[in-house]
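Trainee: I would like to go through this model with you, starting with how the chain is divided.

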Amino acid sequence: MTLRIDNLRVWDGRNATFDDVSLVIDGDRIAQIAPHSRTPATPADEVLDGRGKLALPGLVNAHTHLYSSLARGMAVSPFDPGSFTQILEQLWWKLDKALDPESVRTSALIGAMEAARCGVTTLIDHHASPNAIPDSLDALKETVTEGVGLRGVFCYELSDRDGLDRRDQGIRENVRFLSQPTSSHIGAQFGIHASFTVSDETLERVADSIPEDAGVHIHVAEGPEDEVQCEAAHGERIVHRLDRFGLLKPQSILAHCLHINDDERALLAERDAIVVHNPRSNMNNAVGLFDMDAFLDANVLTGLGTDGLGANMLAELFTAGILQKHSRGNPLAGGFDALYRLLFVNNPAIASRFLNADLGGLAEGSPADVILLDYAPPTPLDAGNALGHLLFGTAVHSLCVTDSFVGGRPILRNRAFVDLDEEAVYARARECAASLWKRLG
Ligand SMILES: [Zn+2]
């Protein structure tokens, strides 16, 4: 199957823009990006008019929670948190306990569809459903990668907080899923909730059962109490604790890392472990500041995630920039170079550590993960200012993804899902959410 999109403006996500070109997708690869005026045009099974559209590489969300998709508008009582741990106890740990197999699937479906609408083509998920653990990662995999068609990396966020039986189920689910073969669309990690909810014995079990080439995915120092608890209970900082169990690896994602110190940051760089910044979630939970520039300067592979708070990666990136400027009191902090590295270099590089796919820029021969936006720039657009257009055009106005392809498979065409009946899915999701909310403890 070949598709040719004519009259298109393209930013390759690297150092080139092209005006009025034809982009040809052949199977799961980009076959050609060539001037539209070239005659004869490359023949294709289908031809699309890309006039008024901007093509970009598909976006990667490096840390999200699909299980939170049905929380929108949900009321919990009491809700009077005085700390980040109390936000977890009063809200998120009630929601995840109420999830059953059906709501796990529905939540993942809604989350993945909304991600596709935001131009996300690959997501890295951190899943929890303590009363529906076995096979939950297969449900996510089937929903996200087969049903919607995105690429996904999955893990179960193991914890001691619901007792040893749930902990052991979590270990088994991670081990089971990690034993399946990785592909270009499906990857796996060993999920852990956070240092403060796992004992040394649990980490020992993780270390014993994690495959050599796999890493963990864990929240680290999201709230200040995580480090305080670690020092009190274990006499060391969290990053050193994880290192003691050999869990700092190039395949390990440490989300947040707001309260780690310089020694811990240096160790992360030395181990080549991954850190993911989630600025809007951090602000929403009032947990503290993440010094993005310091992590990039220390050569820590730093990516960007939404932590389940939506999927609009360009709005997230915009926030990462203005938050850094605001917190440093310096309008030059969080500059274009840093932001570009986060979303367009590091996030694809992070995803490529888990998937058999070389994600990133749009080039002949590269995977056909392409999104099209309705975007007619009111000012000149070139490779030097494309990110400025995305941040100050799409992120602060509206994101207008019209078409999306993952490995050449059409996900959205002219704003509609190709393989999904959106109206029916949303109607079912509303019923599922109503019954999920009734089960909240
Ligand atoms: Zn998270």
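Mentor: Domain bounds here come from an automatic or database domain assignment. This is a predicted model, in which local features need pLDDT of at least 70 and side-chain atom pairs count only at pLDDT 80 or more, while totals for chains, interfaces and linings use all residues. Residues are numbered from 1 along each chain as its sequence is written.

Trainee: Into which domains is the chain divided?

Mentor: Domain 1 is listed as two segments, 2–57 and 360–417. The other part, 59–352, is domain 2.

Trainee: Which element supplies the largest share of the side of domain 1 that touches domain 2?

Mentor: Two residues are in contact if their C-beta atoms, placed from the backbone, lie within 7 Å. The contact takes 20 residues from domain 1 and 23 residues from domain 2. Helices (H or I, at least four residues) and strands (E, at least two) are DSSP runs, numbered from the N terminus. On the domain 1 side, H13 (386–395), S16 (401–406) and S17 (409–413) each supply at least two residues, and the largest share, six residues, comes from H13.

Trainee: Which residues of helix H5 (residues 200–209) are buried?

Mentor: A residue is buried if 20 or more other C-beta atoms lie within 10 Å of its own, exposed if 12 or fewer, and partly exposed in between, with C-beta atoms placed from the backbone. For H5, the buried ones are Thr202, Leu203 and Val206.

Trainee: Why do they line one face of the helix?

Mentor: The arc is that of the directions from the helix axis to the C-beta atoms. The face turned away from the buried side carries the exposed Asp200, Glu201, Glu204 and Asp208. The buried residues line one face of H5 because, seen down its axis, they fall within an arc of 95 degrees.
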